[in-house]
Structures are given as structure tokens and as C-alpha cells.
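Try each one before reading its solution.

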Amino acid sequence: MFKMVRADQAEFDVRQGMSTIFAEGFTQWLGFFSQDPEKIAAAFAHMFVLDQFYVALYQGQVVGMVACTDGISLSVKLDKKELRKHFGFYKGTIAGIFLKKEFETAFVQPLNGAGSIEFVGTAADFRGQGVASQLILHILNHTPYEAYLIEEVADTNIPAMKLYLKLGFEEYKRRQIPIKQAKKIGINYSVSLRYTK
């Protein structure tokens with residue numbers, strides 16, 4: 001039903017579809033910059049490093065995306081000029097500084113043959129139809145790693161947690177979010193998971 005392909009090998013430019021999925025999934029985290037998902041999508045469309053992403057396609061549209069890196073290569077690269085263009089000078093500059101730290105961070109230590117799964121997202125109209133499961137299984141079967149890590153899953157993201165556990169991932173680390181911030185964003189813990197072949 002869904003066609004899985006590496007994003008840089010798709011037959012059309014997938015950035016707009018990817019950025020729409022990104023905005024739908026991350027608006028709660030990016031609310032300071034804008035509450036408008038279309039504005040967020042436009043601001044971040046530039047950032048995807050396409051050869052690090054896999055997308056699920058259905059009838060010419062992107063319905064899901066997942067990045068898989070070696071933990072050293074970046075899956076996204078932010079352009080401050082693009083962020084300023086969409087968010088204005090002040091918020092765009094802040095986005096460039098703070099989100100660079102959040103999004104463009106490779107692992108401190110090499111992953112010793114493990115892949116890093118990042119930016120898992122499904123288009124709103126296709127949630128609950130197995131898109132993310134199929135994408136992650138595609139990655140597990142078509143990339144060379146012996147183990148895979150997923151970092152910083154919100155403990156309150158029950159659908160994602162259920163999906164990862166169903167696919168065989170196991171929790172290996174849990175980091176408490178500072179109470180003030182936790183109340184503001186509705187997340188208590190950031191969970192890290194591991195899958196071993």
C-alpha cells in the first residue's frame with residue numbers, strides 16, 4: 001500500500017510533505033516561534049538532509065518520514081536566514097541558536113555500529129494505519145546496523161511508546177524533565193529506547 005523510499009531517491013521533491021508532517025508533530029514544542037503549523041512547515045522545509053531520511057509515499061504524497069543516521073551524520077541542518085525569513089529577526093535568531101543545539105547534535109560518543117532513528121512522523125490523515133511501523137521495519141531491514149537507538153521520546157506520547165515497544169525496542173534510559181518545564185509542555189520524562197537485531 002505504502003511505498004518506502006530514501007528521501008533523496010523519491011521521484012519528486014518531498015521536502016514540503018516532510019515539513020508538513022514535522023509541523024503537525026512538533027508544533028507543541030515550537031509554539032514559542034509560531035502557533036501556525038503552515039508557518040512552521042515553511043520555516044523548516046529547508047532543513048532535511050534527504051539522504052538520511054526515508055519516506056512513505058501514497059498516491060504522490062508523503063505520508064510518513066523517519067531519519068536513520070550513524071549517530072555522527074546530521075539528519076537536519078538549520079539555516080538561520082531561512083528561520084529569520086519566516087519567524088522574523090528576533091524569533092528566527094533565537095530558533096537558530098537554541099534549535100541548532102537541539103536538532104544538530106550528534107552523539108558525544110560513537111554508537112559502535114548502532115543507528116540512530118530520529119524525526120519519526122506520520123501525516124495526520126494517515127495515523128493509525130501502520131505507516132510508522134512500516135517505515136521503521138523498512139529501516140531495520142535495509143540499513144546495516146546491528147542495533148538502533150531512539151532518543152528523547154516523550155513519556156506522554158503513548159502511541160509512539162506502544163509502537164516502539166511492539167517493534168521490539170526496549171527502554172534503556174529515562175531522564176526527568178524539570179518540573180516547571182514539564183508542566184508547561186505536558187511531558188514528565190524523556191525516554192530512550194534500544195533495538196538489537
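**Exercise 1.** Work out how many positive and negative side chains the protein has, and how far apart the centres of the two sets lie.

*Solution.* Start by counting Lys and Arg as positive, and Asp and Glu as negative. In this predicted model, that gives 23 positive and 20 negative side chains.

**Exercise 2.** Check the radius of gyration of the protein against that of a compact globule.

*Solution.* First, the expectation: for 197 residues, a compact globule would come out near 16 Å. Then the model: the protein has 16 Å, so the two agree. As for burial, 48% of the 197 residues count as buried.

**Exercise 3.** Describe the aromatic pair of Phe2 and Phe126, and say which parts of the chain the pair ties together.

*Solution.* Begin with the overall count, which is 18 aromatic pairs. For Phe2 and Phe126, the rings sit 6.2 Å centre to centre, with 75 degrees between the planes. Over 60 degrees counts as edge-to-face, and that's the label this pair gets. Now place the residues: Phe2 is in the segment before strand E1 (3-6), while Phe126 is in the loop between strand E4 (114-122) and helix H5 (131-142), so the pair links parts 124 residues apart in sequence. Finally, both Phe2 and Phe126 are buried.

How values were computed:
Residues numbered from 1 in each chain as written. Predicted model: local features only at pLDDT ≥ 70, side-chain atom pairs only at ≥ 80, totals over all residues. Heavy atoms only, no water. Rg over C-alpha atoms; globule rule 2.2 N^0.38 Å. Buried < 20%, exposed > 50% of the residue type's maximum accessible area, 1.4 Å probe, protein only. Charge placed at Lys NZ, Arg CZ, Asp CG, Glu CD. Phe/Tyr/Trp six-rings, centres within 6.5 Å; stacked < 30°, edge-to-face > 60°. Helix = DSSP H or I, 4+ residues; strand = E, 2+ residues; numbered from the N terminus.
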